[in-house]
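Open the model in your viewer and keep the selection panel at hand.

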Amino acid sequence: MLSQANEKKLDEIISHYPVKRSAILPALYLAQEEHGYVTDEDVKYLAQRLDMRVNEVEEVVTFYTMYSRKPVGKYKLQVCRTLSCMLMGAEQIAEHLEHKLKCGMNETTPDGKFTLMEVECLGYCDLAPCLQVNFDYHEKVTTESVDKLIESLK
Ligand code: FES
């Protein structure tokens, strides 16, 4: 279930599409924004609202890394692990972050601040290695720039 305000927003979003199911991506953002992640109830509810099967919603929400199916930290740190970034040092960035935050991949720091993830290409291959923090992109990151970034987010 969504708040009354988000129900209105969902109606508005759905009205922009000729077919309800086409609203699935913004609808999932709405649910995630309200609950911090996409809950089981959100999946069932959006399936019903968008005339989809529950497993179809589940397929979408688990395909895209911008959605979370479990609680995540305030900052979701996503290190690109695709070829260009790997060649430019993404592995070292990922290891550095794991060491600095004392947190493994797909884990959240005990203070609930950071969730560390590896993701596929972020679309900034010419500026590798790349790191996405929530909806912000950081290109050509180094261990030093990552340290500064983490400090600024603490
Ligand atoms: S390979 Fe990392 S952004 Fe494309």
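Two strands pair if DSSP finds at least two bridges between them; strands (E, at least two residues) and helices (H or I, at least four) are DSSP runs, numbered from the N terminus. The model is predicted, so local features need pLDDT of at least 70 and side-chain atom pairs count only at pLDDT 80 or more, while totals for chains, interfaces and linings use all residues. Residues are numbered from 1 along each chain as its sequence is written, and side-chain values use heavy atoms, without hydrogens and water.

Five strands form an open sheet in the order 2-3-1-4-5, with mixed pairing. Select strand 2 and strand 3 (residues 114-119): they run antiparallel and are joined by two bridges. Opposite Glu107 you will find Leu116 of strand 3.

Next, select Gln32 in helix 2 (residues 24-35). Is Gln32 buried or exposed? Its relative accessibility is 12%, so Gln32 counts as buried (buried is under 20% relative accessible area, exposed over 50%, partly exposed in between; 1.4 Å probe, protein chains only). A polar atom of the Gln32 side chain lies 3.0 Å from the backbone oxygen of Met66. Leaving out residues up to four places away in sequence, Gln32 touches Tyr37, Val38, Met66, Tyr67 and Ser68 (contact means heavy atoms within 4.5 Å).

Finally, go to Met88, in the loop between helix 5 (83-87) and helix 6 (90-101). Met88 is exposed, at 52% relative accessible area.

Conventions:
Polar contact = N/O pair within 3.5 Å; in protein donor to acceptor, adjacent residues only side chain to side chain.
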